[in-house]
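Biologist: Hi! Could you walk me through this one?

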Amino acid sequence: MMCSLCKRLGSTISGFQTRLAFAISQNRAVLTVNRADFIRLHKQDSDHAGIIVCTEDIDRQRLVQRIHAILATEILEKQLIRVNRPNS
């Protein structure tokens with residue numbers, strides 16, 4: 001899953017650190033299924049607008065509902081939010 005901004009920018013932005021730096025410069029959060037790299041980046045520096053890492057879920061509606069429910073109760077700034085696929 002690639003964000004629409006990353007698709008539009010294409011090769012002008014590459015690398016996980018560069019994507020996070022861009023999000024920080026725009027005061028935007030990052031939503032990704034690339035859990036390992038972004039968890040590592042958050043541990044290195046938590047000064048960002050937020051990172052949401054998700055497990056892959058082919059039921060996109062269910063994923064969106066879980067993200068929405070978490071964001072309704074959580075402050076995202078400087079946080080790493082984990083959204084896990086429920087057990088089937």
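This is a predicted model: local features need pLDDT of at least 70, side-chain atom pairs count only at pLDDT 80 or more; totals for chains, interfaces and linings use all residues.

Biologist: At what angle do the axes of H2 and H3 cross?

Modeller: Roughly 60°, and the axes of H2 (residues 16-25) and H3 (residues 35-44) come within 10 Å. That makes H2 oblique to H3 (angles under 35 degrees are roughly parallel, over 145 roughly antiparallel, 65 to 115 roughly perpendicular, the rest oblique).

Biologist: Which residues of H2 and H3 meet?

Modeller: From H2, Phe16, Gln17 and Leu20; from H3, Asp37, Phe38, Leu41 and Gln44 (contact means heavy atoms within 4.5 Å). By class, this contact of H2 with H3 has four nonpolar residues, two polar and one charged.

Biologist: Switching to the sheet, what is the strand order?

Modeller: E1-E2-E3, in an open sheet of three strands with parallel pairing (strands pair if DSSP finds at least two bridges between them).

Biologist: And which are the edge strands?

Modeller: E1 (30-32) and E3 (80-83), each pairing on one side only. Neighbouring strands of this sheet are turned by 15° against each other on average, direction ignored.

Biologist: How many bridges link E2 and E3?

Modeller: Four, with E2 (residues 51-54) and E3 paired in the parallel sense. Opposite valine 83 in E3 stands cysteine 54.

Key:
Residues are numbered from 1 along each chain as its sequence is written. Side-chain values use heavy atoms; hydrogens and water are left out. Axes are lines fitted to C-alpha atoms, for helices over the stretch in contact, and angles run from 0 to 180 degrees between N-to-C directions. Helices (H or I, at least four residues) and strands (E, at least two) are DSSP runs, numbered from the N terminus. Ala, Val, Leu, Ile, Met, Phe, Trp, Tyr, Cys and Pro count as nonpolar, Asp, Glu, Lys and Arg as charged, and the others, Gly among them, as polar.
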